[in-house]
Amino acid sequence: MRTEIKFDTGFADAELLEYHRGIDDAFVTVRTWNDRLVTVNFKDVVGVNDIGIGDIKGIFKIEGSTPLLETVLNQVYEVTPNTHPYRQYEFVNLDDVSCLTVIATDVELNYLKEDAH
């Protein structure tokens with residue numbers, strides 16, 4: 001089941017600008033519909049799947065198992081436990097397709113300074 005993650009800022013008609021992956025984290029920069037720049041920070045990242053960044057309609061958390069999550073967990077654990085801290089998060093584009101997927105333990109949003117116009 002796919003559930004939209006609700007933040008104070010909505011992501012309908014937002015644009016995913018870039019992302020950076022570190023050893024344990026990932027940072028995704030998004031320009032919202034009202035021109036605010038925000039960074040979506042993922043903690044304890046163990047997998048990323050990118051099929052093309054661009055306009056998005058939201059960020060979603062996937063409940064339960066998926067083929068991608070299972071593949072990543074098989075790389076993390078010798079034997080996958082019944083419970084684990086990892087979740088699948090998806091940036092969904094305007095065609096309702098996941099354009100960037102992150103497997104991580106947590107996500108938070110940080111506001112960057114507003115663009116000077």
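D96 is partly exposed, with a relative accessible area of 38%. This residue of the predicted model lies in the loop between strand 7 and strand 8. The backbone at D96 has a positive phi of about 65°, although D96 is not a glycine. The side chain of D96 forms a salt bridge with K57, and the closest N and O atoms are 2.9 Å apart. K57 lies in strand 6 (residues 55-62) and D96 in the loop between strand 7 (87-93) and strand 8, so the pair ties together parts that are 39 residues apart in sequence. K57 counts as partly exposed, at 31% relative accessibility. R2 joins K57 and D96 in a network of salt bridges.

Confidence was examined next. The average pLDDT of the chain is 91. A score of at least 70 is reached by 96% of the residues. Confidence is highest in strand 8 (residues 98-104), at a mean of 97. The lowest confidence falls in strand 1 (residues 2-4), where the mean is 91. Where pLDDT is low, predicted coordinates should not be read in detail.

The count of salt bridges comes to four. Side chains of opposite charge can pair when their charged atoms come close. Besides the K57 and D96 pair, the salt bridges include one between E4 and K6. There the closest N and O atoms are 3.4 Å apart. E4 is partly exposed, with a relative accessible area of 31%. K61 is partly exposed, at a relative accessible area of 27%. E63 is partly exposed as well, at 37%.

Negative charge also gathers on the surface. D24, D44, D106 and E108 form a patch there. Residues in such a patch have over 30% relative accessible area and no salt bridge. D24 has a relative accessible area of 48% and is partly exposed. The position of D24 is the loop between strand 2 (14-21) and strand 3 (25-31).

A positive phi also occurs at D13, with a value of about 60°. D13 is not a glycine. This residue sits in the loop between strand 1 and strand 2. D13 counts as exposed, at 59% relative accessibility.

L109 and F7 are 102 residues apart in sequence, yet their C-alpha atoms are 7.6 Å apart in space. L109 belongs to strand 9 (residues 106-111). L109 is buried, with a relative accessible area of 15%; the limit for this class is under 20%. In the second pair, R21 and V102 are 81 residues apart along the chain. Their C-alpha atoms are separated by 10.0 Å. R21 is placed in strand 2. R21 is partly exposed, with a relative accessible area of 42%.

Notes:
Residues numbered from 1 in each chain as written. Predicted model: local features only at pLDDT ≥ 70, side-chain atom pairs only at ≥ 80, totals over all residues. Heavy atoms only, no water. pLDDT = per-residue confidence, 0-100. Helix = DSSP H or I, 4+ residues; strand = E, 2+ residues; numbered from the N terminus. Patch = residues over 30% accessible without salt bridge, like charges linked within 9 Å, V, L, I, M, F, W, Y side chains within 5 Å. Areas by Shrake-Rupley, 256 points an atom, 1.4 Å probe, with all protein chains shown as cover. Lys, Arg positive; Asp, Glu negative; His and termini not counted. Charge placed at Lys NZ, Arg CZ, Asp CG, Glu CD. Buried < 20%, exposed > 50% of the residue type's maximum accessible area, 1.4 Å probe, protein only.
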